[in-house]
Amino acid sequence: MRSGRRLRKLVVDGATAYVWSVRHRHSVTGPCQEVLALSRDGTRTRLVFRGGGGRYVPDGFLPSGCVAVGDDSLNLHEPGVVRAFVDEAARRGLLDRSAELDGWELFPAVVAARTADG
């Protein structure tokens, strides 16, 4: 079985390298969370997907790394999905500083990009 915390490398446009990982977080006060962590040149961005309200994260029914809303789902362990999140976050200027962001805000755009890619 693979470790969900394994660091992986994603190179964008042959020059910009990101180190990324996916992990699951539990909370005593709220729902479970799936976290996509991106790191580049000392800048750390975490895209957090909190479960609840029709938004689904792995909780015993979904596989590791899966986040879903309705019929749309993405597997955060897939490099193509991570690349789509990097592209969308960069387009919005969100990767210039270290931050913890709501991954659900990017979700619809990434689903659309992945659907367009086929």
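What pLDDT does the chain average, and what share of the residues score at least 70? I looked this up at the outset, as the model is predicted. The chain averages 90, and 95% of the residues score at least 70.

Entry on helix α2. I listed Phe107, Val110 and Val111 as the buried residues of α2 (residues 107–117). They lie on the same side of the helix, because their arc around the axis is only 100°. Pro108 and Ala116 are exposed on the other side. I then traced the packing of the buried residues of α2 and found β6 (66–69), β7 (72–75) and α1 as partners.

Entry on glutamate 88. I located this residue in helix α1 (residues 79–91). Glutamate 88 counts as buried because its relative accessibility, 10%, is under 20%. Beyond its neighbours within four places in sequence, I recorded contacts with Leu106, Ala109 and Val110.

Entry on salt bridges. I found seven in the structure. Arginine 50 and glutamate 100 pair at 3.6 Å, N to O. Arginine 50 belongs to strand β4 (residues 43–50) and glutamate 100 to β8, so the bridge ties together parts 50 residues apart in sequence. Arginine 114 also bridges to glutamate 78, with the closest N and O atoms 3.6 Å apart. This pair joins helix α2 to the loop between β7 and α1, 36 residues apart. Shared partners join Asp13, Arg83 and Asp87 into one salt-bridge network.

Terms used: Residues are numbered from 1 along each chain as its sequence is written. This is a predicted model: local features need pLDDT of at least 70, side-chain atom pairs count only at pLDDT 80 or more; totals for chains, interfaces and linings use all residues. Side-chain values use heavy atoms; hydrogens and water are left out. Helices (H or I, at least four residues) and strands (E, at least two) are DSSP runs, numbered from the N terminus. Buried means under 20% relative accessible area, exposed over 50%, partly exposed in between (1.4 Å probe, protein chains only). Contact means heavy atoms within 4.5 Å. pLDDT is the predictor's confidence in each residue, from 0 to 100. The arc is that of the directions from the helix axis to the C-beta atoms. A salt bridge is a side-chain nitrogen of Lys or Arg within 4 Å of a carboxyl oxygen of Asp or Glu.
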